[in-house]
Amino acid sequence: MRIAKKNSTLRAFTRLSMLLAGAGLAAATWAADPAPKDTTPSNPLGGKAAPVAAAKGTPGQPRQITWEELVPKDWDPAKEFKGMDLSSLNDGDPRANELLMKMQEVSNNAPTNPAMNGAEIKIPGFIVPLEEAKGEVTEFLLVPYFGACIHTPPPPANQILHVVTSKGAKFRAMDTVWVTGKLQTMRNDSMMGVSGYHVNATSVTKYSGGAK
């Protein structure tokens, strides 16, 4: 029996559905893990979220956060697509484009966590440049995994930070960095993806492993 090859739309839809499901289940997955994971250049998300007792951080100092803290705990992006059978969609099926558009809409409108608005934070991630001046990046998207927005569909909006720096930083696309600054729940549409958060960065430094 011949297995029909899925077209690019279906492949994109499959990847996007996995991204949405991953974002919605992140907190549950980490909670089930008995031991925190190490933070590494290939996995800058590192360990679990800080305990409640440590969540406030040191007065006057930014608090290091993890990406799952940016996702509202009650958000379930997969609920509208449960029971969907991708194997039933063949090449050229118009339902594929319709589903992809609906999935992208859910991703672009992913809700932010209002509790994070105004927080002074520090978070690691990968750079997706938006603006450069004299070889330095002055505006970029920060994303939680390698290839996002460039080699794969953008993550949900609540997993993308729009970062603006007062001073240019000498980094390239997909470099891993620490971003420190004030986090705001502010939507921004760019050609590389829709971000649900904005950061006025006070510093952008090279990621070298572990908390600094």
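These legends go with a set of close-up views of a predicted model. Residue numbers run from 1 along each chain as its sequence is written, and side-chain values use heavy atoms, with hydrogens and water left out. Because the model is predicted, local features need pLDDT of at least 70 and side-chain atom pairs count only at pLDDT 80 or more, while totals for chains, interfaces and linings use all residues.

View 1. Strands here are DSSP E runs of at least two residues, numbered from the N terminus. Strand β2 (residues 120-133) runs antiparallel to strand β3 (residues 136-143), with seven bridges between them; for two strands to pair, DSSP has to find at least two bridges. Two residues separate β2 and β3 in this hairpin, and Lys134 in the turn has a positive phi of about 55°. Look for Phe126, whose bridge partner in β3 is Val143. β3 also pairs with strand β4 (residues 161-169), again in the antiparallel sense, over five bridges. There, Val137 stands opposite Ala169 of β4.

View 2. Setting aside residues up to four places away in sequence, Leu70 touches, among others, Ile65, Pro111, Met116, Ile123, Leu161, Leu183 and Tyr197; contact means heavy atoms within 4.5 Å.

**View 3. Ser195, tucked into β6.** Ser195 belongs to strand β6 (residues 193-206). With a relative accessible area of 0%, Ser195 is buried (buried is under 20%, exposed over 50%, partly exposed in between, using a 1.4 Å probe and protein chains only). Beyond its neighbours within four places in sequence, its contacts include Leu141, Ala157, His162, Met186 and Arg187.

**View 4. Two salt bridges.** The whole structure turns up two of these, each a side-chain nitrogen of Lys or Arg within 4 Å of a carboxyl oxygen of Asp or Glu. One joins Glu69 to Arg63 at 2.9 Å, N to O. Both ends are tucked away: Glu69 is buried at 14% relative accessibility, and Arg63 is buried at 13%. The other joins Arg187 to Asp189, with the closest N and O atoms 3.2 Å apart. Here Arg187 is partly exposed at 46%, and Asp189 is exposed at 52%.

View 5. Phe126 and Phe146 are edge-to-face because their planes sit at 85°, with centres 6.0 Å apart. Phe126 comes from strand β2 and Phe146 from the loop between β3 and β4, 20 residues apart. Phe126 is buried at 3%, whereas Phe146 is exposed at 53%. The tilted pair is Trp178 with Tyr207, 5.3 Å centre to centre and 40° between the planes. Trp178 lies in strand β5 and Tyr207 in the segment after β6, 29 residues apart; both are buried. Finally, the charged end of Lys122 sits over the Trp178 ring, 5.2 Å from its centre (that takes NZ of Lys or CZ of Arg within 6 Å of the ring centre and within 35 degrees of the ring normal).

Terms used
Helices (H or I, at least four residues) and strands (E, at least two) are DSSP runs, numbered from the N terminus. Rings of Phe, Tyr and Trp (its six-membered ring) pair if their centres lie within 6.5 Å; planes under 30 degrees apart count as stacked, over 60 as edge-to-face and the rest as tilted.
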